[in-house]
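Here is a friendly walk through one model, going from a helix and its cover to a few loop residues and a ring. Please keep the sequence and the 3D view open as you read.

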Amino acid sequence: MQRILLQITLCILPSIALSQDSIQTGSAGDVRVEYICRMYCTDDVSLTPAKCRVCGMEMEDRKVVENPTEYRILSPQETLERIKTDRNIVLLDVRSRQEYNDELGHLKHSILIPIDELEKRSGELAQYKDKTIIAYCSHGIRSARAAKLLTKKGFSAFSLMGGLTKWNREHKPVVREK
């Protein structure tokens, strides 16, 4: 009888422990998925899958958006701090020529190489191999592609999170041509 009780106990305990683990990691207080717009059109956060109220794109898990695996990102504040303190920063605008002087402006002393030309023109950046390149665009999508491409080519490259849209929303300095 004791042997049967022992066997039952040994069978039941692991499944109880497993269900307790599931409850702990799945409880509302432990794991919370926040959904944000990949384009950073807005600072809205949703706790359930939703569409961005500005651009209409599906909002995505913040952890995935803000922790990419194939390239690195910097927030506007981190970027501004690096610009102010690090002389080895190169700013790369990957928008079109028309966008460079649009209402979003551009960052002072930036180099313009549109994303569609970056693969062919990456040799122009060879002189900056020992520097850190921070790519930016309007929302952070094209600059993410640029950072990924440049990283594969051996550059130290970052993408500006949220692009100039987020940069401007945080009232960071830009150059606006008239």
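Let us begin with what lies over the buried side of helix H6: the cover of its buried residues includes strand E4 (89–93), helix H5 (115–121), strand E6 (132–136) and strand E7 (156–160). Helices here are DSSP runs of H or I with at least four residues, strands are runs of E with at least two, and both are numbered from the N terminus. Contact stands for heavy atoms within 4.5 Å, and buried stands for under 20% relative accessible area, exposed for over 50% and partly exposed for what lies in between (1.4 Å probe, protein chains only). The model is a predicted one, in which local features need pLDDT of at least 70 and side-chain atom pairs count only at pLDDT 80 or more, while totals for chains, interfaces and linings use all residues. Residues are numbered from 1 along each chain as its sequence is written, and side-chain values use heavy atoms, with hydrogens and water left out.

**Helix H6**

Which residues of H6 are buried? They are Ser143, Ala144, Ala146, Ala147, Leu149 and Leu150. After H6 comes glycine 154, with a positive phi near 95°.

**The protein as a whole**

The protein has 7 helices and 7 strands, and along the sequence they follow the pattern α-β-β-α-β-α-β-α-β-α-β-α-β-α. Of its 178 residues, 39% are buried. Among contacts between residues at least 6 apart in sequence, 59% join residues at least 24 apart. The exposed surface comes to about 11,000 Å², with carbon and sulfur atoms supplying 54% of it; accessible areas come from the Shrake-Rupley method with a 1.4 Å probe, and for residues only the protein chains shown count as cover.

**Two buried serines**

Serine 138 lies in the loop between E6 and H6. Is serine 138 buried or exposed? It counts as buried, because its relative accessibility is 7%. Leaving out residues up to four places away in sequence, serine 138 touches Arg95, Glu99, Leu104, Gly162, Gly163, Leu164 and Thr165.

Serine 110 is placed in the loop between helix H4 (97–100) and strand E5 (111–112). With a relative accessible area of 12%, serine 110 is buried too.

| Serine side chain | Partner | Distance |
|---|---|---|
| Serine 138 | Glutamate 99, side chain | 3.4 Å |
| Serine 138 | Arginine 142, side chain | 3.3 Å |
| Serine 110 | Tyrosine 136, side chain | 2.9 Å |

**Exposed residues**

Lysine 108 lies in the loop between H4 and E5 and is exposed, with a relative accessible area of 57%. Apart from neighbours within four places in sequence, lysine 108 is in contact with Leu91 and Val175. Histidine 109 belongs to the loop between H4 and E5 and is exposed at 70%.

Most residues other than glycine have a negative phi. Histidine 109, though not a glycine, has a positive phi near 65°. Histidine 171 has a positive phi of about 60° and is not a glycine either. Histidine 171 sits in the segment after helix H7 (163–169) and counts as exposed, at 71% relative accessibility.

**Charges over a ring**

What sits over the ring of phenylalanine 158? The charged end of arginine 82 does, 4.7 Å from the ring centre. Arginine 72 also lies over the face of phenylalanine 158, at 4.2 Å from the centre. A charge sits over a ring if NZ of Lys or CZ of Arg is within 6 Å of the ring centre and within 35 degrees of the ring normal.

Note on methods. Polar contact = N/O pair within 3.5 Å; in protein donor to acceptor, adjacent residues only side chain to side chain.
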